Amino acid sequence: MILDKNWRILTVGDGDLSFSYSLAKHFKPATLIASVYDSEAELKLKYQDNAFDKLSDLGVRIVTQFDVTNLSCWQKIPLHAFDAVIFQFPLLPAFGSHQCFQQQTLSVNTLNRRLLRKFLINATSYALDPHGEQLGIITSKDVKPYTEWNIEESLVIGTAHHYLGQSTFDISQFPEYQIRNVDRDKHVKDTSGISYYWSINKQHAIIPQLILPRYLNADHCTMCRAGPFISDNDKKAHNKAKKHKNMQKHEYEWLDYLQRTNTK
Ligand SMILES: C[S@@+](CC[C@H](N)C(=O)[O-])C[C@H]1O[C@@H](n2cnc3c(N)ncnc32)[C@H](O)[C@@H]1O
């Protein structure tokens, strides 16, 4: 993960706060505000081994009940005061009840994409300093279901954001960090991940440090991360495969959602 000590950083959805704690302890960014979706009581109940008090003892401000999709939550933090906003391993919480699940008309795939899209849009509108670095960063896993979100191509369609590239997420940079399960006091064993970067600034100075993987090239199927295709037949065979059809279904549902809501 590429970060700069001079950056003013906001973390969101930071589960047990161990990422923000490690960031504050070892990296010491110019400013750090950490935020979590849960209340303090919920966080401490869910994750018994959490970094709430340790982070607070370092003098870092913690904002609780911060829902990245809720505009009023962004009023809880200083306006346009950050260089980077980071969301580590985002994932929707489970539905509260079977009834909630049944009432939901959008697929879980679309709901997760919507969460990430709203995060990037709201971070830019409210948290990022227009005269600063203007970076939205999402770290995610390189396995299903996360790879089914087509993160690099689909999230910011129709907005002024640009996808800049990715960097490997190396957890050894953050010794105290335990990647958490969304609803349980468990931490994720396989810690490999990729940090993806977006900005309003298309020519951002960070670009040379980031990677643009080969699956983004025209001779690949980007959403399936498949290829390179050596011939038209090779590509046609891929397009008929179950994996591609499944990805296409997610893609159509997402595009349909964007069209129906005309979300910006
Ligand atoms: C898989 S957990 C990862 C937790 C933590 N970021 C980590 O890396 O250990 C997904 C996190 O996303 C958060 N989240 C889900 N929806 C959110 C929302 N609308 N606003 C803020 N955080 C959200 C959850 O509260 C949860 O902490």
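This is a predicted model: local features need pLDDT of at least 70, side-chain atom pairs count only at pLDDT 80 or more; totals for chains, interfaces and linings use all residues.
View 1. Helix α1 spans residues 18-27, and eight of its 10 residues are buried. Buried means under 20% relative accessible area, exposed means over 50%, and partly exposed lies in between (1.4 Å probe, protein chains only). Helices (H or I, at least four residues) and strands (E, at least two) are DSSP runs numbered from the N terminus. The buried residues of α1 are S18, F19, S20, Y21, S22, L23, A24 and F27. These buried residues pack against β1 (8-12), β2 (31-35), α3 (52-57), β4 (84-88) and β6 (162-169). K5 lies over the face of F27, at 4.4 Å from the ring centre; for such a placement, NZ of Lys or CZ of Arg must be within 6 Å of the ring centre and within 35 degrees of the ring normal. K28, which follows α1, has a positive phi near 50°.

**View 2. Aromatic pairs around F19 and F174.** The structure holds 12 aromatic pairs. F19 and F174 form a tilted pair, with 5.0 Å centre to centre and 50° between the planes. F19 belongs to helix α1 and F174 to the loop between β6 and β7 (193-199), so this pair ties together parts that are 155 residues apart in sequence. F19 counts as buried because its relative accessibility is 1%, and F174 counts as buried at 2%. F169 and F174 form a stacked pair, with 5.5 Å between the centres and 10° between the planes. Rings of Phe, Tyr and Trp (its six-membered ring) pair if their centres lie within 6.5 Å; planes under 30 degrees apart count as stacked, over 60 as edge-to-face and the rest as tilted. F169 is buried, with a relative accessible area of 3%. One aromatic cluster is formed by F19, F89, F169, F174 and Y177.

**View 3. The ligand and R180.** Of the 18 residues around the ligand, G13, D67, Q88, Y177 and R180 come nearest; a residue is included if one of its heavy atoms lies within 4 Å of the molecule. A backbone N or O atom of G13 is 2.8 Å from a nitrogen atom of the ligand, and a backbone N or O atom of Q88 is 2.7 Å from a nitrogen atom of the ligand. A polar side-chain atom of Y177 lies 2.5 Å from an oxygen atom of the ligand. The protein covers 96% of the 580 Å² of accessible area that the ligand has on its own; accessible areas come from the Shrake-Rupley method with a 1.4 Å probe, and for residues only the protein chains shown count as cover. R180 is placed in the loop between β6 and β7 and is buried, with a relative accessible area of 13%. The side chain of R180 makes a polar contact with the side chain of D16 (2.7 Å). A polar contact is a pair of N or O atoms within 3.5 Å; within protein, one must be able to donate a hydrogen and the other to accept it, and residues adjacent in sequence count only if both atoms are side-chain atoms. The backbone oxygen of D49 lies 2.7 Å from a polar atom of the R180 side chain.

View 4. S167 is found in strand β6 and counts as buried at 5% relative accessibility. Not counting residues up to four places away in sequence, S167 touches M1, I2, I194, S195, Y197 and L210, where contact means heavy atoms within 4.5 Å. W198 lies in strand β7 and is buried, with a relative accessible area of 1%. Leaving aside neighbours within four places in sequence, W198 is in contact with residues including L120, Q134, I151 and Y163.

View 5. Most residues other than glycine have a negative phi, and most peptide bonds are trans. H80 has a positive phi of about 50° although it is not a glycine, and H80 is partly exposed, with a relative accessible area of 30%. N150, in the loop between β5 and α7, has a positive phi near 45°. A cis peptide bond joins K144 and P145, with omega about 0°.

Terms used: Residues are numbered from 1 along each chain as its sequence is written. Side-chain values use heavy atoms; hydrogens and water are left out.
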